[in-house]
Amino acid sequence: MEQIEHIREFGGWLNRYTHDSASCHCRMTFSVYLPPQAHTGPVPAVYFLSGLTCTDDNVRVKAGAQRYAAELGLALVMPDTSPRGADVADDPDRYDLGQGAGFYVNASQAPWAAHYRMFDYVNRELPALLERELPRVAGRRSIMGHSMGGHGALISALKHPGLYRSVSAFAPICHPMDCDWGRGCFRAYLGDDQALWRTWDATALIRAGAAPIPLLIDQGTADEFLAAGQLKPEALARACQERGFPLTLRMQPDYDHSYHFIATFIGEHLAYHARALA
């Protein structure tokens, strides 16, 4: 790990690092906010997975999360959304495929499989690295995300029972195999076998019998991508109802898909995770 930024915020420190990733076979960048409580002992961590076109920079600049993390004694871990670099496959004509759009899956198709293993990176490599190199980050974890990152947070919790104490999402892509964004990326990264797609789809995982974990989701009613059929919270709600799966889905009137929406409710989400991590 090489530290490339060290910024004082709310009594704690916002640090940015790069490292060589064994999962993604490239140099990866991530940010960590350590609250003031980390000066005296280990603190639990909340992982925030960002959405399409984002890097770790979006949430740490726009969400206002560090203020709440300082009050609650939470570390914030903010990884990038995909592998990057001159040797990493990309589709420069599309914002929803390639660099900036890793979809938090382990790709199995060429040329993507060489680098696009974001699921292993987020859920295995990065926690192990942090808990080894930053002893103030404890092994108690929760996970949350926005849009594509909301999809990543949901599947991370559903596919790894017990790894996270809690999970929440802002406007997640709930049923990617049934929307244009998801179908496009799944076909590229995973091939044409829809049985494989179902293992990376939160709605399908719940229907297939994933172990229950309470889900907290906020969705704005003025979200342009909700209207375009990309997010499908109603499909996830039906799957949860069919299985008696614990879901709190809050439809927030007039909010859109932006970080204005996230900043409005990020404090409530972090308080939710703090209670689970206490």
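## A walk through the predicted model

Start by selecting D20: with a relative accessible area of 58%, this residue is exposed. Keep in mind as you go that what you have open is a predicted model.

**Stop 1: a pair with D20.** The R27 and D20 side chains form a salt bridge, with N and O 3.1 Å apart. R27 is partly exposed, at 37% relative accessibility. What's the idea behind such a pairing? Side chains of opposite charge can pair when their charged atoms come close.

**Stop 2: D178 and R183.** Select these two next. How far apart are the closest N and O atoms of D178 and R183? They are 3.7 Å apart, and the two residues form a salt bridge. D178 comes out as partly exposed at 35% relative accessibility, and R183 is partly exposed too, with a relative accessible area of 26%.

**Stop 3: a bridge between two strands.** Go to D218 and R250. Their closest N and O atoms are 2.7 Å apart, and they form a salt bridge. This pair links distant parts of the chain: D218 belongs to strand β8 (residues 215-220), R250 belongs to strand β9 (residues 247-252), and 32 residues separate them. Is D218 buried or exposed? Its relative accessibility is 0%, so D218 counts as buried. R250, on the other hand, is partly exposed, with a relative accessible area of 25%.

While you're on salt bridges, select E5, R16, D56, D57 and R60 together. Salt bridges with shared partners join these five into one network. Across the whole structure, the search turns up 20 salt bridges.

Stop 4: C179 is buried, at 1% relative accessibility.

Now try C240 and C174. The sulfur of C240 has its closest cysteine sulfur in C174, but at 8.8 Å that is too far for a bond. C240 is buried as well, with a relative accessible area of 2%. The count of disulfides comes to zero.

**Stop 5: a buried alanine.** A202 is buried, with a relative accessible area of 1%. Which residues does A202 touch, leaving out those up to four places away in sequence? They are L154, I155, L158, C174 and L236.

**Stop 6: an empty space.** Time to look for a hole. Rolling a probe the size of a water molecule over the atoms shows where empty space is left. How many cavities of 30 Å³ or more does the search of the whole structure find? The search finds one. The largest cavity holds about 30 Å³ of space. To see its lining, select V46, F48, A65, L76, M78, M144, I266 and L270. The elements giving two or more residues to that lining are β4 (43-49), β5 (75-79) and α10 (259-277). By class, the lining has eight nonpolar residues, with no polar and no charged ones.

Notes
Residues are numbered from 1 along each chain as its sequence is written. This is a predicted model: local features need pLDDT of at least 70, side-chain atom pairs count only at pLDDT 80 or more; totals for chains, interfaces and linings use all residues. Side-chain values use heavy atoms; hydrogens and water are left out. A disulfide is a pair of cysteine sulfur atoms within 2.5 Å. Buried means under 20% relative accessible area, exposed over 50%, partly exposed in between (1.4 Å probe, protein chains only). Contact means heavy atoms within 4.5 Å. On a 1 Å grid over the protein atoms alone, a cavity is a set of points where a 1.4 Å probe fits but cannot get out, and a pocket is an open set with protein on both sides within 12 Å along at least five of seven lines; lining residues have an atom within 4 Å of a point. Grid points are joined across faces, edges and corners, and a volume is the space filled by probe spheres set on the points. Helices (H or I, at least four residues) and strands (E, at least two) are DSSP runs, numbered from the N terminus. Ala, Val, Leu, Ile, Met, Phe, Trp, Tyr, Cys and Pro count as nonpolar, Asp, Glu, Lys and Arg as charged, and the others, Gly among them, as polar. A salt bridge is a side-chain nitrogen of Lys or Arg within 4 Å of a carboxyl oxygen of Asp or Glu.
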